[in-house]
Amino acid sequence: MKKLLLSASVLFFMFSCQNEEAGIPESQTQVAVNASARLCASNDVLKENLKNNPELAAKMQQIEAFTSDALTNGRIVNGKIEIPVVFNVLYRTTAENVSLALLQTQIDVLNKDFNALNSDFNTANNPYSSIKANVEISFVLDQVIRKSTTKTSWGTNDAMKKAASGGLAATSPTTKLNYWVCTIGGGILGYAQFPGGSSATDGVAIDSKYTGVTSSSSASYPYNLGRTATHEVGHWMNLRHIWGDANCGSDLVSDTPTMDSPNGGVPAVGLRSTCSGTPLEMYMNYMDYTDDRGMYMFSNGQKARMSAIFLAGGSRASFR
C-alpha cells in the first residue's frame with residue numbers, strides 16, 4: 001500500500017520537474033500517437049499551469065493538506081451531491097455537433113459509474129472486489145451551449161474555454177461542471193483541470209469522438225462507452241492517474257496498488273506490477289488507461305479522496 005500523501009517538497013518536485021508540452025497549441029505539439037493507446041493530457045496541462053502560475057503549487061499543497069486532514073479524521077460529505085453539467089459544444093462538422101441524445105448517454109454513464117450502477121461493476125474475478133466503491137455522486141444535464149467554428153482542432157492550452165480565442169467561456173464554474181466538447185487533436189482523448197486552478201478554465205475538455213456511447217463498430221472504439229468522461233471527471237475531483245505519472249509512482253491513495261506504468265487494452269486477470277512486492281495491478285480502475293470496456297471501478301480510497309473536496313472548506317464545497 002502506498003503512503004497517503006507525499007511531503008510538500010516531493011509534491012513540488014513532482015509538479016515542477018516535468019516537460020512543458022501541454023500548453024503549446026496542438027498544431028505545434030509533437031505527440032507520439034499510438035492508435036491503440038488512451039491519451040489523457042490532464043497531467044501535462046497541470047504541469048504547464050504550474051510552470052505559468054507559481055502560486056498554484058502552494059494552493060494545491062493546501063488542498064492536499066485539507067484532504068489529508070479530512071481522511072485522517074473520518075470526515076465525510078453528508079447527503080447526496082448532484083452536479084449540474086453544462087456542455088459547451090464547439091463544432092465545425094455535423095459529426096462534431098454532438099446530438100442532445102448522445103450527450104444524455106454521457107450523463108447516464110457518469111451516473112452509473114459514480115453510483116456503482118454500471119453493468120460491469122460486479123465483473124467476476126476482480127481481485128479488488130472488496131474495495132470497489134459506490135462514490136454516490138450524481139450528475140444532471142443542466143444546459144447545452146453550441147457554437148459553430150472554423151477551427152479543425154483546439155489543442156490543450158484551454159483555447160476552447162475562451163471567447164477571445166473563438167471558444168466558449170465557462171458558465172457558473174463554481175456551481176456547475178463545464179464540459180467542453182470539441183476536436184482536441186494530437187491523439188488526445190481529453191483532459192481535466194484539477195482542483196485549485198482558475199475558475200475561468202475549470203472543467204473538462206473531451207474530444208467529440210469520445211463523448212457519449214456509440215457502437216463497437218464506430219470510429220471511437222475502443223473508447224466508445226463514455227468512460228473518457230469518467231476518467232477526466234475523476235481528475236476534476238482530484239484523482240491522479242493510478243500509476244502516479246511515474247514509474248512506480250504514487251496516486252496519493254492508500255488502497256490502490258503501486259503500478260509501474262499505464263495499461264492499455266484489457267489486461268488478463270492476475271497481471272502483476274514490477275514494482276516492489278509485485279502487487280496485482282488494478283487495471284480495471286477508471287484512472288488507468290485501459291479500454292472503456294476494461295475499466296469499471298473506483299476504490300474506497302479514491303471515493304474518500306473525491307468526497308473530501310466537497311466538504312465545507314474544501315476546494316469544491318460550492319457544489320454542495
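## Basis

The model is predicted: local features need pLDDT of at least 70, side-chain atom pairs count only at pLDDT 80 or more, and totals for chains, interfaces and linings use all residues. Residues are numbered from 1 along each chain as its sequence is written, and side-chain values use heavy atoms, with hydrogens and water left out.

## The sheet

Five strands make an open sheet, ordered β2-β1-β3-β5-β4. Its pairing is mixed. Strands here are DSSP runs of E with at least two residues; helices are runs of H or I with at least four; both are numbered from the N terminus. Two strands pair if DSSP finds at least two bridges between them. The edges are β2 (137–148) and β4 (190–192), each pairing on one side only. On average, neighbouring strands are turned by 20° against each other, direction ignored.

Strands of a sheet pair through backbone hydrogen bonds, either parallel or antiparallel. Strands β3 (residues 177–182) and β5 (residues 204–207) take the parallel sense, over 4 bridges. Cys182 has Asp207 of β5 as its bridge partner.

## Helices and their packing

Helix α4 (residues 100–113) packs on the sheet. It touches β1 (81–91), β2 and β3; contact means heavy atoms within 4.5 Å. The direction of α4 makes about 155° with that of β2. Axes are lines fitted to C-alpha atoms, for helices over the stretch in contact, and angles run from 0 to 180 degrees between N-to-C directions.

Helix α6 spans residues 300–308. Its buried residues are Gly301, Gln302, Arg305, Met306, Ser307 and Ala308. Buried means under 20% relative accessible area, exposed over 50%, and partly exposed in between, with a 1.4 Å probe and protein chains only. The buried residues of α6 pack against α3 (54–72).

## Backbone exceptions in the loops

Most residues other than glycine have a negative phi, and most peptide bonds are trans. Tyr221 and Pro222 are joined by a cis peptide bond, with omega about 10°. Pro222 sits in the loop between β5 and α5 (227–236).

Asn125 has a positive phi, near 65°, and is not glycine. The loop between α4 and β2 holds Asn125. This residue, Asn125, is exposed, at a relative accessible area of 62%.

Leu252 also has a positive phi, near 65°. Its place is the loop between α5 and α6. Leu252 is buried, with a relative accessible area of 1%.
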